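Below are some comments for a colleague who is meeting this structure for the first time. Please read them with the model open beside the text.

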Amino acid sequence: MFPRALDGAFLDVDTHGAPMHVGWTIRLDGPAPSLGGLRRHLAARLDRVPQLRRRLVATTLAAGARRWDDDPAFDIAHHVGAFALPAPGGQGELRAAAGVLLSAPLDPARPLWRMCIVDGLAGGGWALVGQ
């Protein structure tokens, strides 16, 4: 499967200093899941969203041409991590942590997504940061 025009446009202007991925942060109530628990939960459902296992591969058709292929070495541990906020764990600390996590470029040799559990929020709860 070849990237759609919009995918290709984002990929063409993406650089290490100015990554073009889209990110999000969601704050949730209750205890955070364990890192292993979230990885198992997502891994058990990856068959429902096969795009999450696909990476970009250069083709021999033309210079710069790419296609999406299943990653034969896919490892959920490369995509799902955890981070504990420094005290006091308020909105400022969450914003700063999300900024650090979201500004890191995605590895072009792997499927282009990442998710991180953020624990240690003031008042309880947890967050999920993804791109």
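1. D69 and R67 form a salt bridge, in which the closest N and O atoms are 2.8 Å apart. This should be read with the reminder that the model is a predicted one. D69 counts as partly exposed, at 22% relative accessibility, and R67 is likewise partly exposed, with a relative accessible area of 29%.

2. A search of the whole structure finds four salt bridges, and another of them joins R54 to D70, with 3.6 Å between the closest N and O atoms. This pair links distant parts of the chain, since R54 belongs to strand β2 (residues 54-58) and D70 to strand β3 (residues 66-70), 16 residues apart. R54 is buried, because its relative accessible area of 18% falls under the 20% limit for that class. D70, at 51% relative accessibility, counts as exposed, because that class begins over 50%.

3. A salt bridge is also found between R110 and D107, whose closest N and O atoms are 3.1 Å apart. R110 counts as partly exposed, at 27% relative accessibility, and D107 is placed in the partly exposed class too, at 33%.

Technical notes:
Residues are numbered from 1 along each chain as its sequence is written. This is a predicted model: local features need pLDDT of at least 70, side-chain atom pairs count only at pLDDT 80 or more; totals for chains, interfaces and linings use all residues. Side-chain values use heavy atoms; hydrogens and water are left out. A salt bridge is a side-chain nitrogen of Lys or Arg within 4 Å of a carboxyl oxygen of Asp or Glu. Helices (H or I, at least four residues) and strands (E, at least two) are DSSP runs, numbered from the N terminus. Buried means under 20% relative accessible area, exposed over 50%, partly exposed in between (1.4 Å probe, protein chains only).
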